[in-house]
Each structure stands twice: as structure tokens, then as C-alpha cells.
Amino acid sequence: MKQKYSKWVVGAASAALVASAIVPVASAASFSDIESSDHKDAILALADANIVGGYPDGTFKPNAVVTRGNVTKFLGKWLVSEGYEIPTDYKTEARFTDLPTTTPDQELLQYAALVKDAGVFKGSNNKLMHTNNMSREQMAVVLVRAIKTVYGVDLVADYKESDFKSAITDLDNTTATENREAIIALEYAGLTNVKAFNPKNSLTRGQFASFLNRTITNVAPTPAPVKVESANATNGTITVKLAEKAEAVEAEDFTVTQAINGGEATEVKASAAVLSADGLTVTLTVDKVAAQEITEQSVVYTVNEVAAPAFVVEATNAVVTSVTAINAKEIKVAFNKPVKATTVEAADFTVTKNNGTAVAISAASDAITVAEDGRSAVITLDAGLSNNDVVKVVVAKDSILTSAYDKFEGATFSDIKFVDNQAPKLLSAKATDGTTVELTFDEPVDWTTNVGGISVNGATLVAGANTTKAGNYTYSFTVAQLKSGANTVQVLNYADFAANKEALTTTTVDYVADTSIPEVSSIKAEDSASFIVTLNKAVDTIAKTNFTVKKGNYTFDSNDLTVGYVDAKGADSVAATKYVKVTVPTQATTANPLYGTDEASVGLSVALSGYKNGTVLGKEYTGSVTLSKDVAAPKVVSSKLITFNKTAKTITVPFDKTLTLADATKLTVVSGSVKVAATPTVDGKNLVITIDDAAGLTDGNYSLVLDKGLVKDGSNNVNEATTLSTTVSNAVATLVKDGTIFGTTAVAENGKNVITVTYGVKVDDAAATASSYSLNGSALPSGSVVYFTSSAKDTVKIELPASYTVGLDNLSAKLSLNANAVKVADSTSADYGKVISSSATEAKSIEQVVTLKDNVAPTVTKVEYIKDSATGLATGLKLTFSENVDDSTLDGGTNPTFVIKQGTTNVAYTMAAPAGTDAADDNVLTLSFAGNLTLAASNVVLYTSATATDLTLTDLSGNNKIGAISGISAQ
């Protein structure tokens with residue numbers, strides 16, 4: 001006899017039996033006579049597990065006395081459910097003398113052989129006595145033996161070891177010691193709790209069912225969980241490393257929980273478990289977490305209490321999730337997916353403040369910094385924001401790409417209020433060498449406005465320099481030689497770009513003179529022709545002549561080496577660093593190539609000498625490095641980046657390397673289901689496919705079959721075979737125009753800003769429709785009028801309404817012709833029907849920053865008496881305006897702009913020359929009463945002349961004259 005399952009599977013089977021014993025399921029057998037029986041649940045549980053059965057008439061007969069034959073079958077079926085097999089010789093080898101192999105009840109015969117071989121049923125004098133009733137004490141004995149056989153639990157030994165005291169009162173009525181001990185063992189295990197066990201009484205079928213069901217429920221050991229060492233997960237799959245080798249596993253051996261975004265863990269079921277050939281790794285399959293449209297989800301799976309590292313289920317759509325003004329100089333943009341850093345450009349953002357004032361983004365090359373994880377970008381503004389500015393940021397649609405080359409949706413973020421009342425905080429200060437102090441702040445510092453800087457140990461101020469690099473708040477100062485130990489650093493007159501100023505912060509930096517000798521720390525290959533030497537410190541003198549590079553006995557000419565500083569990431573550095581990149585000439589066509597025929601790698605010996613830091617000579621170095629030839633095939637970057645040009649009849653496929661055409665016959669182009677003639681060429685990293693078919697490049701689906709060997713890179717690696725699919729649609733013929741169609745400056749006409757759009761060709765009526773244009777990323781203001789200037793329909797004027805107020809002169813604004821809005825309408829032109837666009841390949845908007853004129857007239861906001869300090873009498877009036885005015889435009893002579901009256905009496909005045917706090921171009925105007933006249937400071941009212949032509953005072957733009965005043969009382 002043998003168990004047919006390993007210990008893993010037996011454990012799982014036991015768990016399943018316990019579950020079925022506790023809760024009968026719908027598929028369990030149903031008997032007509034058990035409804036009122038106390039043993040109903042136990043009977044149904046065992047019947048569902050195929051351990052007990054009923055009679056042909058549909059009854060179970062729970063109250064019938066159970067025979068030894070009945071118990072034999074019950075226990076035999078239980079053993080089978082636990083993985084035991086019927087002995088193969090049960091038909092030829094009788095186990096009991098009173099149950100020959102010829103007995104008609106073959107079911108009893110096979111189970112009798114099983115229980116005898118398992119040591120559960122020993123019989124009496126080698127007889128089964130299967131027709132005899134079974135007493136309760138006999139039942140106790142065989143059940144305790146079965147428990148020891150099936151579960152390996154010796155209940156008798158356990159109760160004796162625990163010094164268990166029985167409460168059963170009739171143990172003396174047992175026939176034998178074994179019977180007595182078996183009854184106590186059942187009591188110890190909780191399988192019976194009666195005071196009088198009645199050992200010699202018979203047992204009913206229902207009672208035995210309850211005893212056996214309680215055995216499975218109470219005694220069956222909980223299978224030890226599979227011990228997991230570690231786990232890793234992707235969406236829908238968990239790879240589990242086991243602590244011990246397993247022969248077999250099932251999904252039920254693993255308890256899996258799932259927590260999303262730090263929420264409560266919930267149990268999930270593994271639908272499959274696949275064990276590796278070495279028995280140490282299991283792959284579990286679980287239901288995938290459904291992706292959401294906008295929000296990414298961080299998922300953590302736990303397997304048998306061992307957590308796998310979190311993974312992210314990305315959103316289906318690529319969106320900008322937030323925009324914040326993190327300081328006066330920088331905007332932070334957050335994305336729900338990692339971006340391709342090179343696709344984040346200043347042109348992708350339109351920033352305005354306070355209902356339309358354009359905010360320029362810095363033109364510096366380092367003005368945009370994308371975070372390491374690609375999920376945010378910091379953008380440096382050209383000029384700082386002011387407190388309480390309300391910012392609006394428009395993000396262009398389809399311009400920014402994810403790292404997987406999907407396009408981000410456009411977005412508009414309004415009402416971003418900027419408030420910053422805190423001066424920059426100094427976070428750290430350190431000495432990077434004997435003459436350099438480095439300070440790090442929590443925001444950009446404006447050193448220039450306040451001539452700020454640092455003084456070290458009381459020395460002369462060293463001015464700070466502003467930086468344009470987004471997200472960089474670290475500033476370096478070259479100072480006089482630091483002393484050994486602590487140095488006092490005073491940071492003076494520094495402010496942020498919101499004008500929050502700090503007069504003085506004092507800190508210290510420790511300096512320990514670096515007396516170490518420069519030496520090589522490591523050398524490693526960078527690419528197929530370059531290696532990087534890492535030194536223990538930056539050196540200021542190192543050149544190609546300091547290197548000796550050999551391949552075997554051949555020495556490369558040091559003049560042919562390229563040597564330069566790089567940063568820790570391998571990017572070129574102007575400043576001296578401790579990283580030096582050396583590029584070796586390939587010499588492919590010479591007698592001494594870097595790589596010989598069929599060489600995939602090359603070992604180089606490298607010697608370095610004569611380099612210095614200051615006057616300290618570096619330690620000589622001799623070592624080696626192995627370079628590996630580029631054997632990677634050129635690959636298509638992404639099918640999502642395939643572009644087309646219907647006019648040129650081309651499809652452009654971007655690769656990751658510079659290409660050379662290898663074999664033009666390796667290209668097949670299929671339009672729909674029809675092969676079309678096409679010619680491949682290369683342009684840098686692009687494969688350009690020109691459609692030679694007479695119909696040209698038509699709308700529809702194209703399959704581009706690129707067989708192996710179509711193109712190759714500079715190392716003669718050819719592409720692998722691939723088939724790409726792309727769709728040509730919405731491709732339009734375009735007439736390229738740029739932003740100059742809008743000019744650069746609006747004209748002020750009757751309080752309106754008017755922009756002239758010069759197309760230079762007859763265009764359709766859409767050009768004279770307001771919806772074809774945008775201002776600062778939004779529709780033209782309500783009330784805007786757009787019209788052709790003549791029947792030629794080649795020039796349009798856009799009149800913004802007077803209600804669109806521009807309070808500053810020469811205010812910048814972005815004007816756009818929307819994509820696919822206007823077409824050429826001259827039927828005699830070869831460009832007829834083409835879309836006016838900024839792109840030669842697609843319909844794209846045309847944008848231009850134009851200057852708007854101030855269209856808001858100045859108004860008098862306050863009239864105050866100017867009084868003689870001695871008498872308190874008024875000697876004139878002080879006028880305050882809503883904006884700065886040009887004093888020189890005021891007529892205070894024979895046709896005065898202003899009229900002053902006290903009561904009904906006109907009071908003559910002269911315009912005082914600007915003095916004190918007054919200036920010729922500020923918002924204050926002083927009118928002195930003529931002839932040194934003084935008046936009581938009451939009942940004086942300011943008017944304007946009733947003659948419109950007398951109103952000559954203008955704002956600084958000269959565009960807007962003061963309006964009529966019906967009377968303002970002096971204060």
C-alpha cells in the first residue's frame with residue numbers, strides 16, 4: 001500500500017475535506033430520512049466527500065445500528081479521500097478469515113483490505129465479524145488508530161503527556177485498557193464530551209457519522225503553508241521563490257492578498273500555480289488589476305505573508321495631473337505617466353497671469369528639468385511672479401510624449417494663485433575645495449537685484465550669480481583660501497524672485513586640506529570605442545598625451561585619441577571632474593583597426609602618467625579595459641512615431657541608430673491588401689519610404705514589411721525582420737506659413753487692439769471667423785470682430801473689443817491660427833485647397849507673440865488739498881490717478897483740461913513742476929492755485945473742461961486720454 005500524493009498534495013486534500021465537512025454544499029447527497037436528525041450536517045458533509053452512502057430507497061437510516069462492516073466501508077472511503085490506494089491484491093489475498101475473496105460484497109472486500117493493511121482494523125482472532133454491531137468502545141479504538149494512521153497524531157500519547165484528567169464516569173466498564181485509553185483520547189481531542197460514554201452500547205449510523213465528521217474537523221492538522229522566501233509581481237502574474245524544494249504545488253497552497261495605493265489588503269485567488277523544473281520557483285496566475293483612465297495604481301501582492309515589491313498599473317490615458325507655481329521663478333508640471341524628457345519643450349506651454357498677461361519661459365537651454373522618474377518637470381520663467389498673481393497654464397495637446405511614445409492630452413490649469421512671503425532658506429553649506437564654497441537653498445535665489453553674496457571669515461563680499469537651470473538651488477562661490485577647520489560664512493542681502501529678502505545668515509563650513517595624490521580609482525568601458533577613467537578627485541590638467549593605449553603590441557597615436565571631462569552620467573562637462581572619457585580611433589580601413597575581422601571585443605592596455613591637479617603630479621597607472629563591438633541590430637524606436645507626408649508621398653520610420661541602406665529589395669509595402677511600389681532611402685536615423693504608386697500616398701492602413709538586411713548601422717549590423725502597421729489619415733496638403741502673418745504689434749484704434757493677419761494668398765471665409773483664432777490658448781474675447789480688408793480676401797483684421805482691457809502698454813500675448821482652420825481659396829493657384837499650417841506634413845496651428853497696446857484711460861481716483869503748514873489754508877490740489885500719466889500732455893493754460901471751483905467761483909491754477917515725491921511720469925499731478933491764492937480747505941471741487949478738445953492729458957502710452965469728470969470733491 002502506498003500514498004499516491006506527495007505531502008504537499010495530501011495537505012491540500014486534507015484542507016479541502018475539512019472545508020467540505022464544515023459546510024455541506026449543494027452537490028452533497030440528500031437523504032429522505034435525516035431532516036430531523038441531530039446528525040444531519042455530519043451525514044451530508046461525509047456524503048459530499050463520498051465517505052458515506054445511503055440505501056437504494058433514498059434513506060440513510062441514521063438511527064440504525066452501525067455494523068463493523070459499515071464502519072469498515074466508512075473508514076476505507078475516508079482513507080481513500082486522504083490519498084490511500086486500494087491494495088491491488090485485495091481480490092486474491094483475503095485479510096480476514098470470515099471475509100473470503102469470493103464474497104459478493106466486493107466493496108467491503110477492498111475496503112477491508114485497505115483498513116487492515118493500514119493498521120486501522122485488526123479484527124478479532126483474524127476475523128472481521130462484519131455483520132456484528134459495533135460497540136462504542138470498539139469504535140473509539142478503530143477511530144484513534146485511524147487518526148494516528150491518517151494524520152500522524154497519537155492522541156493517547158498526547159493526552160498522557162499533557163497529564164489530561166478524564167471526566168467520564170463509566171470508564172471502568174470498558175473491556176480492555178486499549179479501549180479505555182481510546183475513549184479518553186476521544187475526550188481529550190474534543191470528539192466526545194459526555195459524562196457517561198456507555199462503552200458497551202451499540203452505535204447508530206448517525207452517531208458514527210458525527211464522530212468521523214468531528215475527527216476530520218477537529219483533528220485534521222492544518223497543512224503547513226508553503227514557505228515563501230521572496231516574491232516578485234507584474235500585473236496578473238506573481239513569481240514566488242520557495243524556501244524549500246517542492247515536489248508539487250497547487251494554487252490553494254498560497255494565500256494571496258492585494259493592496260492598491262496603500263489601501264486595505266484584500267484576498268485574491270490564484271487560478272493556477274506552475275512549479276519550475278527545479279522545484280524552487282512557482283508562477284501564480286491571478287486576475288489582473290484593471291487600468292483606470294487617468295489614475296495610476298500602485299499594487300502590492302503578498303504571498304503567504306511575504307510581500308512582493310510594488311508595481312504600477314499605468315493609466316490608459318496620458319494626462320497632465322497638476323500644475324503648481326512652486327516659487328516665483330518656477331512652474332512644476334506633474335504627469336500621470338513617465339514622459340520622454342526630450343519631448344518636453346518650452347513651446348508646449350503657454351503661461352499667462354492675471355487674466356491675460358503673457359509670462360515668458362526662459363530661453364536658456366537648461367530652463368526645463370525633467371525628474372529622474374519622468375513624472376514631473378520644472379520650468380524656469382523668464383521673469384519672476386509677484387505675490388497674489390493668478391496664473392494660467394495651457395499645455396499643448398499631442399506635443400509631449402510618454403516614455404512609450406504615447407501622446408499626452410492637452411490641458412488647461414487656471415486660477416493657480418502664487419503666494420510666497422518667506423525668504424529663501426539656507427539648507428546646507430560646504431567647502432568643495434580650498435577656494436570653493438557651495439550653498440544650497442530651498443528655492444532659486446536672486447543674487448543680482450540686491451547685490452547679494454557671501455563673506456568668508458570677514459573677507460570682501462563675493463557676489464552670487466543667478467542660475468537658469470530649473471530645479472537647481474545650489475550656488476558656488478570662489479573665495480580666498482579657506483583655513484583648516486571651521487570657517488565663518490556670512491550670506492548677505494539675498495532674496496528670492498518674489499522679493500522676500502534676508503539681510504544676513506551666518507553659518508560655518510569645515511575645510512580639511514586635501515593632500516591626497518591624484519590616482520585612478522577605476523576604468524570601465526563606455527561604448528564600443530570609449531572608456532571612462534574614474535579618478536579619486538578632479539584634476540585640472542589631463543590631456544590625450546598623458547595616455548598610452550595599446551592593442552597587443554600596437555600603440556594608438558595619442559594625438560588620435562579624444563579625451564575630455566564628463567559628469568557621473570557620462571555627459572560632457574566643461575568643468576574639470578574626476579571622470580575622464582577617452583575615445584579610441586576605430587581605424588577600420590587601416591592595417592591596425594580597433595576591431596579586426598570577426599573580433600567582437602578587444603582588450604586594451606591603458607597607461608596614464610603626467611597628469612596633475614595644480615602642482616601635484618598624479619600617480620602613474622597601468623591597467624586594462626575590454627571594449628565590446630556594437631553588435632546590436634538597429635531597431636525601430638516605436639511604430640507610434642511613424643510619420644507621413646502626403647505631398648512628398650513619404651512614410652518616415654525612426655530608428656535608434658544612424659542608418660545606411662543595405663538592400664532596397666528587403667522592403668515590401670502593402671496598402672490595405674494591395675502591394676504598392678515603394679523606394680527606401682535613409683536620412684540620418686530615419687528610414688524614408690517613398691510611395692511610387694501613381695495614386696501616391698492615399699489614406700488607409702499600410703503594412704511595412706522590413707525584411708532582415710534592409711538597413712545597417714555604422715558597425716554593419718543589419719536590422720532584424722519586422723512588420724509595422726501604420727494608418728495614413730487626416731493627412732492634408734499644407735501651405736506653410738509662420739507667425740509673421742500676424743505681425744508683431746497691434747494697433748490701438750478707438751480703445752480697441754487691432755491685429756492685421758497677412759496671408760499673402762486668397763483664403764476661404766473661415767479666415768474671417770473668430771472661431772479660427774485663439775488668444776493666449778483660449779477663444780477670442782466675446783465681442784471680437786474679424787473681417788477681410790478687401791475683396792482679395794488675403795488680409796484679415798482682428799478687432800478685440802474695447803471691453804478686453806489691456807492695462808499695460810506693450811503687453812505680450814500669444815495669438816494663434818487654429819489647426820486645420822483656414823484653406824487656400826485661389827482656384828488658379830497650385831496651392832488651392834491646402835491648409836494654412838506651420839507644418840509641411842500636417843495641419844498644425846500657427847502661433848505668434850504679439851504686443852498689445854494699453855487701451856485703458858487714466859481716471860482720477862483721489863483729489864487732496866495741499867495745505868500751508870502754518871495757516872492750514874489750501875494752496876493747491878494733489879491729484880492721484882489710476883495709472884501713470886504724462887504730465888507734459890496737460891494743458892493748464894488758456895484751454896485748461898481741469899476746472900477748479902469753490903462753490904460757484906472758478907479758481908485759477910498752474911501746473912507745478914514735478915518735485916519731491918511727484919514725477920513727470922508717475923500717477924500724481926500737482927495743481928497750484930495761481931497768484932499765491934489760499935483758500936479754506938472746504939467746498940473745492942475738481943471738474944474737467946466742458947470742451948472735449950481740452951482734455952489732453954494721456955497715460956504714458958499716449959493712447960488714452962482722460963475722460964470727462966463731472967465733479968470730485970477735494971479731501
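Reader: Why is Lys537 called buried?
Author: Its relative accessible area is 12%. Buried means under 20%, exposed over 50%, and partly exposed in between, with a 1.4 Å probe and protein chains only. At 12%, Lys537 therefore counts as buried. This is a predicted model: local features need pLDDT of at least 70, side-chain atom pairs count only at pLDDT 80 or more, and totals for chains, interfaces and linings use all residues. Residues are numbered from 1 along each chain as its sequence is written, and side-chain values use heavy atoms, with hydrogens and water left out.

Reader: Where does Lys537 lie, and which residues does Lys537 touch?
Author: Lys537 is in the loop between β26 (530-535) and β27 (547-551). Strands (E, at least two residues) and helices (H or I, at least four) are DSSP runs, numbered from the N terminus. Leaving out residues up to four places away in sequence, Lys537 touches Asp514, Ser516, Pro518, Lys578 and Asn613. Contact means heavy atoms within 4.5 Å.

Reader: Why is the pair of Tyr554 and Phe556 called edge-to-face?
Author: The angle between the planes is 80°, and the distance is 5.1 Å centre to centre. The angle is over 60, so edge-to-face applies.

Reader: Are Tyr554 and Phe556 buried or partly exposed?
Author: Tyr554 has a relative accessible area of 25% and is partly exposed. Phe556, at 3%, is buried.

Reader: How do you know that the charged end of Arg205 sits over the ring of Phe60?
Author: The test takes NZ of Lys or CZ of Arg, which must be within 6 Å of the ring centre and within 35 degrees of the ring normal. The charged end of Arg205 is 4.3 Å from the ring centre of Phe60 and sits over that ring.

Reader: What makes a nonpolar core, and how many residues has the largest?
Author: A nonpolar core is a set of buried Ala, Val, Leu, Ile, Met, Phe, Trp, Tyr and Cys residues joined through side-chain atoms within 4.5 Å. The largest has 64 residues. Leu75 and Trp78 are among those with the most contacts inside it. Helix α5 (136-151) is one of its contributors, and gives the most, with ten residues.

Notes:
Phe/Tyr/Trp six-rings, centres within 6.5 Å; stacked < 30°, edge-to-face > 60°.
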